[in-house]
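Me: Hi! I have a structure open here and I'd like to go through it with you. Could you help me make sense of it?

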Amino acid sequence: MNIYSFKGAVLGLGLAVFAAGSAAADMLADIKASGEMTFGTEMHYAPFDLLVNGQYEGLCKDLMDEVTKDLGVTPKYNDLPWTSVLPGLEAGKFQMVNAPVTITAERMERYAFTLPIADASVGLIKRTGDDRITKPEDIAGLVVGSQKGSAQLEQLKVFGEGLGGIDVREYSSVDEAYADLAAGRLDAVAGSFPLLGYAASKRPEIFETVTPVFGEKKYFAWVAVKSEETESMIAAVNEILLNMQDDGRMAKLHEKWLGTAVELPREMPAVK
Amino acid sequence: MFSWSTIVENLPYLLQATRFTLLVSGLGMGLGLVMGIVLCVARLSPIRWISRIAALYVSFFRGVPLLVQLLLAYYFLPSVGIDIPPLWAAVCSIGLCAAAYIAEILRGALIAVPHGQAEAAAALGMHPFTIWKRILIPQALKISMPSLVNELIMLVKVSSLVSAVGIVELTRMSQSISAATFRPLEIYIAAAAIYLVINLALAGLGQALEKRLDY
Amino acid sequence: MDIDLFVQYGPILLCGLLNTVLCWIVGAAGGVALGFVIAVAMYYGPRPLRYVLRGYIEVIRGTPFLIQLFILYYGGPNIGLRLDPVPAGILGLIIYGSPYYAEIFRAGLQAVPRGMIEAGRAMAMSEGTILRRITLPILMVSSVPPLTNFSIILTKETAILSIVTVPELLYQVQTMSAETFAYMEAMFALALFYWGFVEVISWAGRKLELKTNAFLSKELSA
């Protein structure tokens, strides 16, 4: 008689598996019907998206709160690491990315962008009191960090080539680049200027911005999946964004989070 | 310039997030134990294809990084029509992965259970199911208690990966707070201390349990 | 599934794999060496040293590698320890692995039957000979399976080196997915590479186990 004949009769473990909801024809209609709109973002991107005392805050939240209020729906925000945000959007885990995504030609081929919500031009920060860098061109030959896969990294590389070469280091998140600037391994960090300005305002004894910005004019916007389903949703969000530019809500929120209000394009900016 | 106040101010949020660390690793361990026992039995099955499947399972789940398993469960399964809520994706991934390790731990322990005991029980006419339930599994669990506690401590640490599917546990909360305060070192040291307290408590509990099982 | 991607990114993915393997080999070997020293020091050393080492083991085992590495790399410069990414990554792996390896060796040392050592003494063997001919061979044999096991666990911790910009496999896969948005392809590439890597190590571990067993039976019968 063999004692090993019992062959695991308890394999039917109750996994909570649900079939994915059948594809809806129109996402906006879905949102209005359910009264809820779902978003994915990384709450690590001050002053756009950040956690203050465990609460989600930031320019993107304030703007999206206004947008959803005008749409008459409740927003539901999810915090995900950046590497999971775009895959999550494509997997249908939420309806829109309300993190600031820089508008680029490659991304426009893959995603549907809303109108710009903020300026994304690339700038620099250095360690406070570092006299070697007083203008962007001074980074020639120095070590500069930036976020992997970001539009600002591309701009930095182009800018660096024009200067005769810089040592570019790529980080999975901008937070680690800041840490390495503070640790002294980097001479500067390149990123979107509002982001860097916020870091410098929070830790002025460590970080200092380098003006002016450089490279091509870039803008941040939100993205959704590129398909017929999302067209009406994007159009509705765009209409509200334009209204907010007109009635001054946009400028007020920009002043609250970025210190200044900038003129934003009223139509999709041309990108190469 | 070490800022103690940053730690003190943010401690409540770190502790809040710690609940998810405990929940995910605890449920993952529970699922891992159940699945691990099943797998271990299947691995020792005399029927070739059953033991082959179990061996393949162990090889896959030990070979592929948990992060990849998580992302596949959460982002790939929807594209083939299966949608799992984040917490389930996290618990299942951790549990399924832990099962592979636990199965191997139990298999090692079963070898140490004297063969004569099972044979004696069989000679007494005990049903194979009863032999497993009454003789083999309880003893294997006891022998492998230190390894199982180690596995649980491992799970507490790897549970930081579940942030990839949107669960804000201790490591994720530390990252978020450092990103907002620009004081990563203080926050990470605080998080390390919390992990250490949990794991020391678990190790202590494991030792106490081992003593009690020592009849 | 876009096969062209793998052709285009093949070279950097292979480079990443090589870096992963390199960091793992050096990290695991260093961890085994440091672990062995710790185990021996705990077994033969004075009581205060044992307490210090016990504390080291508990602290390192009780905290996640990600946090240890972050503190080592980004916090190190505050106390004058400025390491480049790859050395920091390898040192991190050595430190992280050492307590696990130390515990494996400690258990192995305790499992050496006292009777065999006493028999050696009775036969007037020197302590050095006892160590070389009795303790070490038995320790080696009993330790190989758990050493392989933990080394497999360590392979996957190498992915964490990407946070300190070590250009290992995950770092390169992230580059690929950030540039091409091909997330699923990237995940599958990562899964396949690691699976293959771990299978190779398991196979090598089994070979080593057979070798040490053969060595032992030869030694003991000689």
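Reply: Happy to! Let's begin with a strand in chain A: 4 of the 5 residues of strand S11 (residues 143-147) are buried, so S11 of chain A is largely enclosed by the rest of the structure. A residue counts as buried if 20 or more other C-beta atoms lie within 10 Å of its own, as exposed if 12 or fewer do, and as partly exposed in between, with C-beta atoms placed from the backbone. Strands here are DSSP runs of E with at least two residues, helices are runs of H or I with at least four, and both are numbered from the N terminus.

Me: Before we go on, what kind of model is this, and how is it numbered?

Reply: It is a predicted model, where local features need pLDDT of at least 70, side-chain atom pairs count only at pLDDT 80 or more, and totals for chains, interfaces and linings use all residues. Residues are numbered from 1 along each chain as its sequence is written, while chains are lettered from A and ligands numbered from 1 in the order in which they are written.

Me: Thanks! Which strand does S11(A) join, and how many bridges are there?

Reply: S11(A) runs parallel to strand S12 (residues 167-171) of chain A, and 5 bridges join them. For two strands to pair, DSSP has to find at least two bridges between them. Within this pair, Gly145(A) has Arg169(A) in S12(A) as its bridge partner.

Me: Where can I find an antiparallel sheet?

Reply: Look at the open sheet of 3 strands in chain A, with the order S3-S4-S5 and antiparallel pairing. Its edge strands are S3 (44-45) and S5 (55-57) of chain A, each pairing on one side only. S3(A) is joined to strand S4 (residues 49-52) of chain A by 2 bridges, and His44(A) has Leu50(A) in S4(A) as its bridge partner.

Me: Stepping back, what is chain A like overall?

Reply: Chain A has 9 helices and 15 strands, and its C-alpha trace spans about 80 × 65 × 40 Å along the principal axes. Of its 272 residues, 46% count as buried. UniProt, in an unreviewed entry, places "domain: Ionotropic glutamate receptor C-terminal" at residues 36-260 of chain A. UniProt positions are given in the numbering used here, feature names are shortened, and annotations may be inferred rather than shown by experiment. Over residues 36-260, chain A is 40% helix and 31% strand.

Me: How is chain A divided into domains?

Reply: There is domain 1 (36-118 + 220-258) and domain 2 (122-214), with bounds that come from an automatic or database domain assignment. Their centres, taken over C-alpha atoms, are 26 Å apart. The contact between them takes 9 residues from domain 1 of chain A and 7 residues from domain 2 of chain A, where contact means C-beta atoms, placed from the backbone, within 7 Å.

Me: OK, on to chain B. How many helices and strands does it have?

Reply: Chain B has 9 helices and 1 strand, in the pattern α-α-α-β-α-α-α-α-α-α along the sequence. Its C-alpha trace spans about 70 × 45 × 20 Å along the principal axes, and 49% of its 215 residues are buried. An unreviewed UniProt entry places "domain: ABC transmembrane type-1" at residues 18-206 of chain B, a span that is 81% helix and 1% strand.

Me: How many residues of chain B are in contact with chain C?

Reply: 26 residues of chain B are in contact with 24 residues of chain C. H9(B) gives the most to the chain B side, with 10 residues. By class, that side has 19 nonpolar, 5 polar and 2 charged residues. Ala, Val, Leu, Ile, Met, Phe, Trp, Tyr, Cys and Pro count as nonpolar, Asp, Glu, Lys and Arg as charged, and the others, Gly among them, as polar.

Me: And which residues of chain C does UniProt list as "transmembrane region"?

Reply: The unreviewed entry lists residues 17-44, 56-76, 88-109, 130-148 and 181-201 of chain C. Residues 130-148 of chain C are 100% helix, with end C-alpha atoms 26 Å apart. Residues 181-201 of chain C are 90% helix, with end C-alpha atoms 32 Å apart.

Methods: Two residues are in contact if their C-beta atoms, placed from the backbone, lie within 7 Å.
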